[in-house]
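Me: Could you walk me through a structure and show me how to read its features one by one?
Reply: Gladly; let us look at it together.

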Amino acid sequence: MTSQRSIVGKNAAIAGGLATALLAGAATAQDAITLNVWSDTPRLATFEAYDQSHDNVTLNVVTVAPTDLVAKLQLAMQARSEIPDVIFMSDIGYGAQLSTRRSNYLMDLSDKVPQALQDEFYPNSNSPCMINGKLLCLRNDMAHMIVWYNKAQMAELGKAVPTTWEEFEQLGAELSSMGYSLGTGVEPWPLVGYLMSGGCEIALPVAGKDDTLKIDLTTERCLKPARMVDNMLANGSLSKFGPFEPDFVNQAKTGKVPLMIGPTWFGEYVIKPTYEFAPGLLAAALPLKWADQDQPLTWSWGGGTYGGWKDTAHQDAVVDLLIWSSSDVANQTSAVTLPAHEPSALAWGEKLKADAYYADDGVFAAEVDSAAYSHPGYASLRFSVADAVAKTLVQEIGTGGKIVDALPALQEELINLAKLNGYSVE
Amino acid sequence: MSYLFMLPYLVLLFMFGVFPVLYAFGLSFFDTIDMVFWGLTNYEFAFNDFRVPKSAVNVLTFVSLWVSLTVLGVAVLSLMLDSLGRRSATTLRTIFFLPGAVTSSAIVVLWLFVLDPSVSPFQSIFHLVGWDTRQNVISGLSFAGVFAIMAYFSASGGWIVVFGGALSSLPTEVMEAARIDGANRFQLATRIKLPMIWRSVVLMAILSFAAGLQLFVEPQLMSLAGQQFSQVDWSLNQLAFQYAFKMGDFGASAALSTLLVGTSIAIALIIIFATKFYTID
């Protein structure tokens with residue numbers, strides 16, 4: 001038995017050795033490069049497609065849980081081994097967090113990605129990648145907030161789709177007595193979105209000044225939206241449950257949420273699978289504006305970016321992969337979310353226009369047309385504004401308070417966080 | 001010969017206990033990027049972090065709640081179990097132990113459901129006090145209270161088993177003598193058994209205190225319930241994690257961790273000397 005096993009082992013070793021030799025031969029012949037890639041699950045298809053369509057490059061793709069990415073990179077950099085050449089960042093904050101002295105990972109792409117190509121991305125879509133005037137990543141997908149609504153139900157209720165926040169609040173007041181709500185008022189990013197819509201300055205980078213943030217939550221531009229949220233939470237037209245909590249999901253499933261503000265990916269990834277709207281109902285409209293604004297100013301929630309390692313041995317290959325992943329039209333056409341690269345987005349949208357799930361073919365138009373209104377301050381920061389909002393505003397709501405009263409606490413928290421993370425505050 | 005038997009433990013203790021502590025202690029005086037000696041700069045950074053005092057208060061609140069809950073709960077339950085028949089006591093002890101056999105991360109997830117008034121088995125109680133959302137429940141119990149309850153249920157079962165052992169090793173002639181003298185079950189528990197197992201109670205308090213200072217999993221996993229519950233810098237250990245794995249500042253992380261372990265050791269020593277823990281009667 002022992003001798004038999006050792007023979008098998010020997011054969012396997014010989015076969016393995018041969019295979020390695022053959023592979024090595026093939027490698028030198030085609031001058032192949034291997035790039036290590038850390039991806040999330042939805043982006044695996046993109047990297048696989050690149051691997052297959054590029055003979056000279058082999059991708060060694062590892063799936064990393066999105067929330068673990070920065071921690072694992074810190075460990076890899078500290079150990080100075082197994083550092084990936086390319087990463088997909090599912091949180092826009094990662095760009096800033098991975099370009100500090102202590103975690104200096106990201107490659108500066110400013111002069112590596114041609115300006116003409118940069119201009120093909122939607123305006124402001126690369127703002128999470130512009131850090132202190134340098135382009136440190138490329139945006140994969142858009143995530144600005146638009147108005148999602150149940151078209152048939154709105155018609156049945158005899159209500160027009162609001163175009164201003166004043167109309168939105170009014171609609172909420174009219175519908176709340178009948179048990180309807182217009183979305184949730186406790187999820188941090190949408191909360192930030194409401195506040196930002198009026199031009200509130202919640203940790204916005206100051207143009208032309210490195211590492212400088214404008215934080216001022218005392219202006220009417222913040223107080224007005226905050227009062228609206230307070231009013232709507234009080235009369236129930238904004239839910240006190242998060243968008244993924246069972247109570248709100250039930251409310252949405254049973255047709256009690258005829259309209260809500262949500263990012264571009266909400267239709268396909270939340271309203272359709274989780275809220276289970278029946279086909280032919282869901283429609284979308286442009287983001288809301290305040291009556292005294294000329295045009296909407298819409299915040300985003302999500303949107304991933306691709307980044308490369310500044311010390312990679314294969315700089316050109318890395319840049320090529322970053323550009324291809326974010327802007328190859330054929331690849332992005334089959335992407336899961338609205339591409340930030342405009343030509344890709346237009347090709348991608350054909351699918352959406354033809355999708356019978358939506359009530360009309362205007363959903364894609366609403367998503368694309370509103371890209372122009374996306375907030376230029378949707379930037380990458382070294383600290384999490386959402387976590388600060390959860391600690392202050394959301395807890396205030398939990399104890400029955402008003403967010404207007406918690407704005408000073410949020411301001412203090414943000415200023416402290418900004419200073420701790422090396423920002424100057426204006 | 002006895003040292004030979006201790007060797008595996010000592011090796012593991014050195015590899016995963018002593019060495020990391022010494023390594024962190026050394027690291028806490030360096031800038032980990034350029035590897036230059038920084039003196040107390042890392043400690044200064046931790047002291048100047050506006051979140052550290054708040055987190056320290058959070059953790060101390062949690063520890064005092066949890067340790068009192070554990071000392072009281074475990075002692076009462078163990079003494080009550082000991083007055084039962086052997087068979088039913090063993091069965092109950094096993095049931096109490098079960099939550100402790102589940103990893104604390106899984107327990108947190110379970111508790112997130114228990115705390116949600118829309119799905120919780122304690123729904124009616126929550127509604128009675130007017131808590132309609134999970135946010136209400138958490139605000140009502142306070143984060144320290146929520147974490148203390150979570151930790152109590154995951155850790156107390158193990159201690160109940162330990163106390164079962166301690167109680168069953170008490171000399172039966174003392175118990176019989178007390179019974180003959182007319183002590184009822186309550187007097188037997190409070191006058192005879194409790195004074196005889198107080199060392200186990202002190203040990204439990206010390207170990208719970210040290211473990212409690214390192215609170216990490218419970219607050220860190222709050223965001224599983226949704227981002228509105230996220231508490232990334234609630235405890236000191238979370239801050240140490242943030243320093244290392246968000247900011248890449250392993251030196252500051254080591255400094256804060258050193259302070260934590262120093263506090264644990266100091267307090268354990270105080271308790272040990274104040275209670276003359278190792279003195280043999």
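Predicted model: local features only at pLDDT ≥ 70, side-chain atom pairs only at ≥ 80, totals over all residues.

Me: How is chain A divided into domains?
Reply: A domain may be built from separate stretches of the chain, and that is how both are written here: domain 1 of chain A covers 31-142 + 303-353, and domain 2 covers 145-301 + 381-425. Their C-alpha centres are 29 Å apart. Where the two touch, domain 1 of chain A contributes nine residues and domain 2 of chain A contributes eight. On the domain 1 side, the classes are three nonpolar, six polar and no charged residues.

Me: What should I look at when two helices pack?
Reply: Two packed helices are described by the angle between their axes and the distance between the axes. Take helix 3 (residues 51-82) and helix 7 (residues 134-168) of chain B: the angle is about 35 degrees and the axes are 8 Å apart. The crossing of helix 3 of chain B with helix 7 of chain B is right-handed. In the contact between these two helices there are 17 nonpolar residues, eight polar and one charged.

Me: How many helices and strands does chain B have?
Reply: Chain B has 13 helices and two strands. Its C-alpha atoms fill a box of roughly 75 × 60 × 30 Å along the principal axes. Of the 281 residues in chain B, 36% are buried. As for contacts in chain B with a separation of 6 or more, 67% join residues 24 or more positions apart.

Me: Which residues have the most contacts inside the largest nonpolar core?
Reply: That core has 178 residues, and the ones with the most contacts inside it are Val147(A), Ile202(A) and Val389(A). Helix 7 of chain B gives the most to this core, 16 residues. Domain 1 and domain 2 of chain A each supply at least three residues to the core as well. If you want to zoom in, pick Val147(A): beyond its neighbours within four places in sequence, its contacts include Val161(A), Leu259(A), Ile261(A) and Pro287(A).

Me: How many residues of chain A are in contact with chain B?
Reply: There are 29 residues of chain A in contact with 24 residues of chain B. On the chain A side, at least two residues come from each of helix 3 (69-79), helix 10 (246-253), helix 16 (385-398) and helix 17 (403-420). Helix 16 of chain A has the largest share, with seven residues. By class, the chain A side holds twelve nonpolar, ten polar and seven charged residues.

Me: Why does Leu59(A) count as buried?
Reply: Leu59(A) counts as buried because 21 C-beta neighbours lie inside 10 Å, and the cut-off for buried is 20 or more. Leu59(A) sits in strand 2 (residues 57-63) of chain A. Not counting residues up to four places away in sequence, Leu59(A) touches Leu35(A), Val37(A), Phe47(A), Tyr50(A) and Asp51(A).

Me: Where is Gln293(A)?
Reply: Gln293(A) is in the loop between strand 11 (282-285) and strand 12 (305-308) of chain A. It counts as partly exposed because it has 15 C-beta neighbours inside 10 Å. Gln293(A) and Gly198(A) are 95 residues apart along the chain, yet their C-alpha atoms are separated by 8.2 Å.

Me: What should I notice in backbone angles?
Reply: Most residues other than glycine have a negative phi. Asp211(A), which is not a glycine, has a positive phi of about 50 degrees. Asp211(A) lies in the loop between strand 8 (201-205) and strand 9 (212-216) of chain A, and it counts as partly exposed because it has 16 C-beta neighbours inside 10 Å. Glu276(A) also has a positive phi, near 50 degrees. Glu276(A) is in the loop between helix 11 (266-271) and strand 11 of chain A; with 11 C-beta neighbours inside 10 Å, it counts as exposed.

Notes: Residues numbered from 1 in each chain as written. Chains lettered and ligands numbered in written order. Domains from an automatic or database assignment. Contact = placed C-beta atoms within 7 Å. Nonpolar A, V, L, I, M, F, W, Y, C, P; charged D, E, K, R; others polar. Axes fitted to C-alpha atoms, helices over the stretch in contact; angles between N-to-C directions. Helix = DSSP H or I, 4+ residues; strand = E, 2+ residues; numbered from the N terminus. Left-handed = near helix turned anticlockwise from the far one by under 90°. Buried ≥ 20, exposed ≤ 12 C-beta atoms within 10 Å, placed from the backbone. Core = buried A, V, L, I, M, F, W, Y, C linked by C-beta atoms within 7 Å.
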